[in-house]
Amino acid sequence: QVQLVESGGGSVQAGGSLRLSCAASGRVFRFNAMGWYRQAPGKERELVADITSGGRTNYAESVKGRFTISRDNAKNTVFLQMNSLKPEDTTVYYCNARYQDTAYRFREVWGQGTLVTVSS
């Protein structure tokens, strides 16, 4: 069973920085894309950024130039460096990992969520 353990959320003033980490564990054939999503109350979960195993990245327009996603494939860990944080970035952030538990079966798993609070 694959599990994700997130860390790094917290409170910061506007303009500050936080770094989220998400470590994946479990027996898999391969981890594929990993990423971060966020969900504000009453809204749908939205992509913040994701990264393929080859390092190709994708960002939401609202975070481009401020957030950087990276990963350590050897440790099955994905990071989200968040700079120039704004109050509107306040919400719960969720880690997502897509993986194959066999060569032909594709699955995904979510972390428990970590709260980021940005005060003005």
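Mentor: Quick ground rules: the model is predicted, local features need pLDDT of at least 70, side-chain atom pairs count only at pLDDT 80 or more, and totals for chains, interfaces and linings use all residues. Residues are numbered from 1 along each chain as its sequence is written, and side-chain values use heavy atoms, with hydrogens and water left out.

Trainee: Why is Asn76 called partly exposed?

Mentor: Buried means under 20% relative accessible area, exposed over 50%, and partly exposed in between (1.4 Å probe, protein chains only). Asn76 has 24% relative accessibility, so it counts as partly exposed.

Trainee: And what makes Ser84 partly exposed?

Mentor: Its relative accessibility is 40%, so Ser84 gets that label too.

Trainee: Which residues have the most contacts inside the largest nonpolar core?

Mentor: Trp36, Leu80, Met82 and Tyr93, in a core of 29 residues. A nonpolar core is a set of buried Ala, Val, Leu, Ile, Met, Phe, Trp, Tyr and Cys residues joined through side-chain atoms within 4.5 Å.

Trainee: What is Met82 in contact with, leaving aside its neighbours within four places in sequence?

Mentor: Contact means heavy atoms within 4.5 Å. The partners of Met82 include Leu18, Leu20, Phe67, Tyr93 and Val116.
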